[in-house]
Amino acid sequence: MRNILLIVSYDGTNFCGWQKQNDQRTVQEELEKALAFIHKQPVELFGSGRTDSGVHAVGQAANFFSPIDSIPVENYPCALNSILPRDIRIMSAKQVSEDFNSRFSATSRTYHYFIHCGKTAFAHQMPYVWSIRRPVDIDRLNRMAALLHGEMDCATFAAAGDQSLSTFRYIEKARFFYEDDKLVFEICANAFLWKMVRSIVGSLIYYEKKGFDAEDFAGIIESHDRSKAGPTAPSEGLFLWEISFEGTRRHP
């Protein structure tokens, strides 16, 4: 059977996350329903990672094995988008090797978190930003964010209930920049702990407001103590931006 990789975009507002759950609307479930409709039989979809309730995606990756060869690979986006709900779009499709797996073949994952710093965000922006209603010191934020680099123990930012065997992750980059009227936090790593990105964003914004700088934040990271982190940022500002399959895979 052909192994087909999909790049998926979705608005997470009305989903209880990516992974299938009993009696909850999820992205994986909607996609598998559409695939089953096309193939006339159940089709299992393998995602590159889970996103929580309310989290969005621009470039989620997922693969499946097609039991038919009558649909050209390049036609899958159009075929699926014609039956999927409007809050899920297939951006591209391509055939990959038989041993490819979206989760285990991924070498890095990039997230963007959008923050509105002005007094009032437009109504249409509210489901996709964290509105903090104050200016920030981006230089101070970037001095603290620069400490998030390389192989490191991220226990400080692990949510209670995280079941990862190890809290070590390899972070390639973490930075803030402005995009139009929004402040954007970008982070790229081999993998993430449960709610790790939102915990990092909430901590950085919290400690920037308190006047902390890199030296102070270093102590918070090195404490490996979740109680030292700031509040977890809300889900609506977070986007799974890109999954990379290039380079060397670093195991969590």
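Lys195 sits in the loop between strand 9 (182-189) and helix 4, and in this predicted model its phi is positive, about 60°, although Lys195 is not a glycine. With a relative accessibility of 30%, Lys195 counts as partly exposed, because that value falls between the 20% and 50% cut-offs. Helix 4 (196-209) also supplies at least two residues to the lining of the largest pocket.

**Loop residues**

- His224 belongs to the loop between helix 5 (214-223) and strand 10. Its phi is near 55°, a positive value in a residue other than glycine.
- His224 has a relative accessible area of 41%, so it is partly exposed.
- Gly211 is in the loop that runs between helix 4 and helix 5, and at 40% relative accessibility Gly211 is partly exposed.
- Which residue is 74 positions from Gly211 in sequence but 9.4 Å from it in space? That residue is Asp137, with the distance taken from C-alpha to C-alpha.

**The largest pocket**

- The volume of the largest pocket is about 1300 Å³.
- Its lining is made up of 45 residues, and those nearest the centre are Gly49, Arg50, Arg103, Ser164 and Phe192.
- Strand 2 (46-47), strand 5 (108-116), helix 4 (196-209) and strand 10 (238-244) each give at least two residues to this lining.
- Sorted by class, the lining of the largest pocket holds 18 nonpolar, 16 polar and 11 charged residues.

**Helix 1 as a whole**

- Helix 1 covers residues 27-39. Its 13 residues should span 18 Å at 1.5 Å a residue, and the end C-alpha atoms are 18 Å apart, so the two values agree.
- At the start of helix 1, a side-chain oxygen of Thr26 comes to within 3.2 Å of the backbone nitrogen of Glu29.
- After helix 1 comes Lys40, whose phi is positive, near 65°.
- Which residues of helix 1 are buried? They are Val27, Gln28, Glu30, Leu31, Glu32, Ala34, Leu35, Ile38 and His39.
- An α-helix has 3.6 residues a turn, so residues three or four places apart point the same way.
- The buried residues of helix 1 pack against strand 1 (2-10), strand 3 (56-66), helix 2 (76-81) and strand 4 (88-96).

- Gln28 lies in helix 1 and has a relative accessible area of 9%, so Gln28 is buried.
- A polar atom of the Gln28 side chain is 3.1 Å from the backbone oxygen of Leu45.
- Leaving aside residues up to four places away in sequence, Gln28 touches Trp18, Gln19, Lys20 and Leu45.
- Glu32 is also in helix 1. At a relative accessible area of 10%, Glu32 is buried, because the cut-off for buried is under 20%.
- With residues up to four places away in sequence again left out, Glu32 touches Lys20, Val43, Glu44 and Leu45.

Note on methods:
Residues are numbered from 1 along each chain as its sequence is written. This is a predicted model: local features need pLDDT of at least 70, side-chain atom pairs count only at pLDDT 80 or more; totals for chains, interfaces and linings use all residues. Side-chain values use heavy atoms; hydrogens and water are left out. On a 1 Å grid over the protein atoms alone, a cavity is a set of points where a 1.4 Å probe fits but cannot get out, and a pocket is an open set with protein on both sides within 12 Å along at least five of seven lines; lining residues have an atom within 4 Å of a point. Grid points are joined across faces, edges and corners, and a volume is the space filled by probe spheres set on the points. Helices (H or I, at least four residues) and strands (E, at least two) are DSSP runs, numbered from the N terminus. Ala, Val, Leu, Ile, Met, Phe, Trp, Tyr, Cys and Pro count as nonpolar, Asp, Glu, Lys and Arg as charged, and the others, Gly among them, as polar. Buried means under 20% relative accessible area, exposed over 50%, partly exposed in between (1.4 Å probe, protein chains only). A polar contact is a pair of N or O atoms within 3.5 Å; within protein, one must be able to donate a hydrogen and the other to accept it, and residues adjacent in sequence count only if both atoms are side-chain atoms. Contact means heavy atoms within 4.5 Å. The expected span of a helix is 1.5 Å times one less than its number of residues.
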